[in-house]
Every structure is written in structure tokens, then in C-alpha cells.
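Open the model in your viewer and keep the selection tool ready.

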Amino acid sequence: MYMYRLLLLITIVTSPFIAKAQSDKPIGGHFGLKVGASFTQIAISGSTVNIPHRALEPHLGAIYRYRYNRWVVQPEAILSIRGGTFQQEQSNGSRTTTGVSYYYASLPFMLGYIPTEGLTVQAGPEFSYALNAGQTGGPSANNDLGLAVGVHYDFLDMLNKFSLNVRYIYGFTNVSPEATAAYYNRNLQVSMVYNLFPKKKKK
């Protein structure tokens, strides 16, 4: 429910800008800084006492965005917290809740296409390394391979240095510490990007 409300809010807020949005130059690249929040959850299959629920966690990082006409290549370096919360049913009928925090350093490599100025549709692999693998409350696997799919909006006028990035990441690696169950990372990321455009050369 929270995810749908967030997407609705993003649509309402950004709709006046999308018609006016513009990308950077048709050919060229620039760096950027991004920060945002992730709706993160563990998808579980198998036998376990844990009932997964979403959590809201931060992420931050840097990007390099290179555009060639309508095509975009965008490698990134991201630090994020994943996992979520688990509930366990007790013998008296009550439930206890525990948080699970997986700390990752990730390298997404996004390929994008610009169907209309200001809007980029993106997809690509994401390679992640767990910083707390094997520790209490951490994932069992050091690495996680995921597929990232999303959209990128560039704004105009006074907001021309900012972009909005919405992305869903589907993890393929079993990171479960339990032998009887498989855990997979699922994340919806919403980020604001501050674009570091090159300074214009003086004539």
C-alpha cells in the first residue's frame, strides 16, 4: 500500500515538469550524486518461522551518465541497506518483530533509451557485495546479482541540475542463513540525482 501511495505522489508531483523536461546534450557525459530511500523486503520460499515485511532504508552513491542521441549508458556506485523486517508468531498468539539489515556496496550498469526528451527508460544488471555477510543479522552470501528496471526524469529551468530516478531491483541470489528457506532481495528505490554538468567553455 505504501508503495502505491508513493508512486501516486511521485506522478502528481512530477507531471507538471515532465512536459517541460529536457536531458543533457544529445552527445556527452557528466557525473552525478544520488540519494534516496528504498522500500526493501525479503522474498522467502521454503520453510521458516519468519514472515517478511517491508522496511524503509536509505541509499546514496554516484553515477556517470553518458548520452549518445537517444541512448544512455549509466554506470553507478551505490551504498545501500537492504533486508526488511521479520515477524514471528509466538505460542500465545502474539507476534514479535525483528529488523534485518543487509549492507551492500553495489555497481549497477544501466542501459537506457530516451523515447521523449526528459524521460529515460532503463534496465541493466546490478552486482552487489555484502559488507556484513556472515554476521548476525546479515546475509549468508557475499555477492548478490540483481536485475534493475526503472525510469529517469530530467527537470528543467530552476531544477535543471536535478533528476528523479525510480527503480525496482530483483535479486537472484539466495542470501538466506537458513538451510530450509531461500531469501531473495527485493527493492524499490526512489532517488534524487544532483547532476554535475561540465562548466561551459568561455568563448
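How many salt bridges does the structure hold? The structure holds six, a salt bridge being a side-chain nitrogen of Lys or Arg within 4 Å of a carboxyl oxygen of Asp or Glu.

This is a predicted model: local features need pLDDT of at least 70, side-chain atom pairs count only at pLDDT 80 or more, and totals for chains, interfaces and linings use all residues. Residues are numbered from 1 along each chain as its sequence is written, and side-chain values use heavy atoms, without hydrogens and water.

Select aspartate 154 and arginine 65. Their side chains form a salt bridge, 3.7 Å from N to O. Aspartate 154 sits in strand E7 (residues 143-154) and arginine 65 in strand E3 (residues 55-68), so the pair ties together parts 89 residues apart in sequence. Strands are DSSP runs of at least two residues, numbered from the N terminus. Aspartate 154 is buried at 5% relative accessibility; arginine 65 is buried at 0%. Buried means under 20% relative accessible area, exposed over 50%, partly exposed in between (1.4 Å probe, protein chains only).

Next, pick glutamate 89 and arginine 95. This salt bridge spans 3.0 Å, N to O. Glutamate 89 is exposed at 54%, and arginine 95 is partly exposed at 44%.

Now select Lys34, Glu76 and Arg167. A network of salt bridges links them.

Finish with the largest nonpolar core: 10 residues, including Ile42, Phe86 and Tyr183. Such a core is a set of buried Ala, Val, Leu, Ile, Met, Phe, Trp, Tyr and Cys residues joined through side-chain atoms within 4.5 Å. Strand E5 (95-116) and strand E9 (181-196) each supply at least two of its residues. E5 gives the most, with three.

Conventions: Helices (H or I, at least four residues) and strands (E, at least two) are DSSP runs, numbered from the N terminus.
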